[in-house]
Amino acid sequence: MPGLLAQIAGPRVPPDELARRPARYATPALLFAVARVLLLVSIFFPYWHMELVAPQYPDGLFLTAYVNHLDGDVKEIDGLNHYIGMRPLDEAARVEKSLAIWMIVAMVLFVEGAMFVHSKWAVLLAVPAITFPAFFIADLHLWMRRFGQGLDPSAPLSASVKPFTPTVLGEGGIGQFRTFAELGTGMWLAIGAAGMIVVAFWFHRRAFRPLSVAARRAAEVPA
Amino acid sequence: MLGFNRQCAVKVLALASVAALLGASADAMAQETRRERRSRTKEVKPIELSPAQVAELTKVANERKLTVDDLLAASKTYMPSGRHDDYVLFSSGGQSGQIFAIGVPSMRLLRSIAVFTPESWQGYGFAGEGDAVLERLNVNGKAVPWGDTHHPALSETAGDYDGQFLFIGDKANARVAVIDLRDWETKQIVKNPLTVSDHGASFVTPNTEYVVEGGQYATVLGYGYAPPEEYKKSYRGMVTFWKFDRAKGRIDEASSFALELPPYWQDLADAGKVASDGLVFINSFNSEMATGGVEQGKPPFEAGVSQRDTDYLHIIDWKRAERAVKEGKAKKINGFPVITLDVAAAEGILHFAPEPKSPHGVDVSPNGQFIVVAGKLDPHVTVYSIDRIKKAIADKKISATDDYGIPVLDFDAVKEAQVELGLGPLHTQFDDKGYAYTSLFLDSAVSRWTLGGDYAKLHAEEPWKLVTKTPVQYNIGHLCAAEGDTVSPDGNYLISMSKWSVDRFLPTGPLLPQNFQLVDIAAAGTTMPVLFDMPIGVGEPHYCQMIKADKLKTWTTYPEIGWNPHTQQLDPRAPKQGKEGVVRDGSQVTINMTAIRSHFTPEHVEVNEGDEITWRITAIESTQDATHGFCIGGYNINLSLEPGEFAEFKFVADKPGTYPFYCTEFCSALHLEMMGYLHVKPKTTTAMKAEPAAKP
Ligand SMILES: [Cu+2]
């Protein structure tokens, strides 16, 4: 077993090698660190915005999604949605919202762990953080589709507003409303973090692969 | 790890910050795009008329028989949809008992504010039999649900409008009301305990320390009785200083006081400011102390009160008066502290200055230097200077003492100038160019004249001279320039409050509207055109004040859901969503209701005949203009439930039956469905059985 663990952890850097080329080994670590910071900071920024425009709302209505809560004119939008039989927005993604902060903290810890793994297995630890933005959008889309399709058929306006799938990015429409949805700062930070992790792996590979290769060769060719 | 080189760290950090910046700016750009999308429709580029457009405009003008001046006037006043006015005019509504808010320069009525008269749209005075508003409108235990609103006064800070509160007097019943300009609702009405009618209300001191209520027709103070033969001995005038508590937004009646005045029929008032801060000026017009009696062959009042050549300008030192009250020198009349005339004379609180007989308005110039008294029966305005007044008091330049021991200052010692303007000068306002504007009732004109002193350098003309007159239609009473009675008038718009409209509008039966005319006073010299006529078909307004719209910090919805507008705070009694229901305690029934588009909860309310009902409703709305109404037919109940508002009303369910209640505001597409039933179960069910139809 220790052999397997050692294999996963990859080769350690000999002190003289580290002293000779410190930047080579520090770069991936630093990039991972920055990605972690970006991901953590993103918690405090909106991930997604939607503006709803209708004649009687000249200033528009706004809906803002953070990883763990919704903000903006939720009450008013819910109030309007009850006419078409849509469930209150807060009922969506309850589990995701309650776990989001812990999930992000876990992703950050995994990425931190990836820093100490000097083999290709490190990628596995970073997969959640890299795929998180896509996962968020997909989840949002699924919930919106579920809510839009699951309209209460006994609602007052069910005759004029049929089940629909709200547009998760870009321009859409429902009833007298035009909707404009776009990514928020938090999402951009998370995407930045994901991008940075990918870049980090390029440096990671450049730094540690030669060590692994050397180690393997050393094992194959007896001295 | 510890030894990585600095250059690399900098590179990586730079990369990270670039990424973060990219993200943030992409977001900012997206926000920007969003904002642009909305504002694009409002953007207006400077216009240039093409020959074809000039031809079109000319054609329309000629078809509608408009002059070039008319076109200019229209373009100075027309407001495209969605564009907001520069000023708000708060006007008395006269006998309507209301206040009107009008946008300037468009002269569009924005809304009325119910003050002394119940008003059903605002739900003012229609909360059933125990309505708190109706109780507030009682005068000495009698319901007096109307008022003759005369002079609105915006609250001031350092002599300038601060846009926080509005006061108005009810001449008929000597009451003063306080309106909170956050929600534009009447919050308080105080009844003067001394006198029956007033006229010099309301005027505020420069920091709204006091709201001044000057009386009008002398009576026996404190609602006493004396025959007219005892007029001189027993009848008195008065001025009341209502202490205003700005933090509470209420008049503090317990800290207020009055000053006894001779029975000279006090008229308009104005508070001194800057140079004259600490003083209040009030005109009078019956120093003859005439008691009328045309039915006994005596001279009627109209002749009797106009016999002497002069009346008295009252010069009141309210700071000294305040001190005298604190020192316990006031006596109580009807439980209210009053400084009597002997104390006023001894303490130097009250001086008189002669003024040409029966004047009307008294108005203090923006710098507080000059006090302008308009002649009414005299074609002049008489201007007093505060320096001269102060010097005359210090030097004891006393020409006489009146019958009540009040010193009368020497007229020539206090007079600065007299300016002949025309017939029937009534009221004066000011601009920022060294001009004064006086309404001429008999001439039906607005006059512009030059001020002297420090103002002389602001204009090119000779000081204390008439510059021009603009005819108005007709019989102008008060006038009002933009912030024209503050320390810093704006000098662009002026309203002529013309009392008669005669032929100006389509006939509306024998009762005609008043005419508010917008006058452009922006250009100096003799140009002063009328731009717009606005009919006022609700009561006869007296005075108005015009405030820069951006000074008003108006709430667009109540700050929190469950807000009580009477206390201006969140009310713990306000029913919450999910906690609605009917609570019964014997025959006491409390209904906790919420209103939201488009339903009330609960929708069925069952009570028994004779139950005492406490009905509470919260409007669970936070969107601008999402107002609900609530009425119960037959029980005289109609409320206006503005977004977030909490209301409570009480009544006895003494009429059995089934009563639909519904939302009286068109709140939503399902507004008609926003209803429910109040079921009042009769005591004995047999009584409710339908009578069998009588057979022929
Ligand atoms: Cu409604």
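Reader: I'm looking at Asn475(B). In which loop of chain B does this residue lie?

Author: Keep in mind that this is a predicted model. Strand 29 covers residues 466-471 and strand 30 covers residues 476-481. Asn475(B) lies in the loop between strand 29 and strand 30 of chain B.

Reader: Is Asn475(B) buried or exposed?

Author: Buried means under 20% relative accessible area. Asn475(B) has a relative accessible area of 16%, so this residue counts as buried.

Reader: What is phi of Asn475(B) near?

Author: Most residues other than glycine have a negative phi. Asn475(B) isn't a glycine, yet its phi is positive. The value is near 55°.

Reader: Trp265(B) has a positive phi too. What is its relative accessible area?

Author: Phi of Trp265(B) is near 55°, again in a residue other than glycine. Trp265(B) sits in the loop between strand 13 (250-261) and strand 14 (266-271) of chain B. Trp265(B) counts as buried, because its relative accessible area is 10%.

Reader: Let's get to the metal. Which residues coordinate the copper ion?

Author: Look for donor atoms at 2.1 to 2.6 Å from the copper ion. Along the chain, the donors follow the spacing H-x34-C-x3-C-x6-M. The residues are His628(B) through ND1, Cys663(B) through SG, Cys667(B) through SG and Met674(B) through SD.

Reader: What geometry does the site of the copper ion have?

Author: Four donors count as tetrahedral if all angles lie between 85 and 135 degrees. Here the angles among the four donor atoms run from 92 to 124°. That makes the site tetrahedral.

Reader: How many residues apart in sequence are the parts that His628(B) and Met674(B) tie together?

Author: Both His628(B) and Met674(B) are buried. His628(B) lies in strand 42 (residues 628-632) of chain B, while Met674(B) lies in the loop between strand 45 (657-662) and strand 46 (675-681), so the pair ties together parts whose separation in sequence is 46 residues.

Reader: Over in chain A, how are helix 3 and helix 5 arranged, roughly parallel or roughly antiparallel?

Author: Helix 3 (residues 22-42) and helix 5 (residues 94-114) of chain A pack at an angle of about 175°, with axes 9 Å apart. Angles over 145 degrees count as roughly antiparallel. Helix 3 and helix 5 of chain A are therefore roughly antiparallel.

Reader: Back to chain B: what percentage of its residues are buried?

Author: Chain B holds 10 helices and 46 strands. One of its buried residues is Ser91(B), at 0% relative accessibility. Of the 696 residues in chain B, the buried share is 55%.

Reader: What is the mean pLDDT of chain B?

Author: Where pLDDT is low, the predicted coordinates should not be read in detail. In chain B, 92% of the residues reach 70 or more. The mean pLDDT of chain B is 92.

Terms used. Residues numbered from 1 in each chain as written. Chains lettered and ligands numbered in written order. Predicted model: local features only at pLDDT ≥ 70, side-chain atom pairs only at ≥ 80, totals over all residues. Heavy atoms only, no water. Buried < 20%, exposed > 50% of the residue type's maximum accessible area, 1.4 Å probe, protein only. Donors = N, O, S within 2.8 Å, 3.2 Å for Na, K, Ca; no water. Tetrahedral: all angles 85-135°; square planar, octahedral: opposite > 155°, others 65-115°. Helix = DSSP H or I, 4+ residues; strand = E, 2+ residues; numbered from the N terminus. pLDDT = per-residue confidence, 0-100. Axes fitted to C-alpha atoms, helices over the stretch in contact; angles between N-to-C directions. Parallel < 35°, antiparallel > 145°, perpendicular 65-115°, else oblique.
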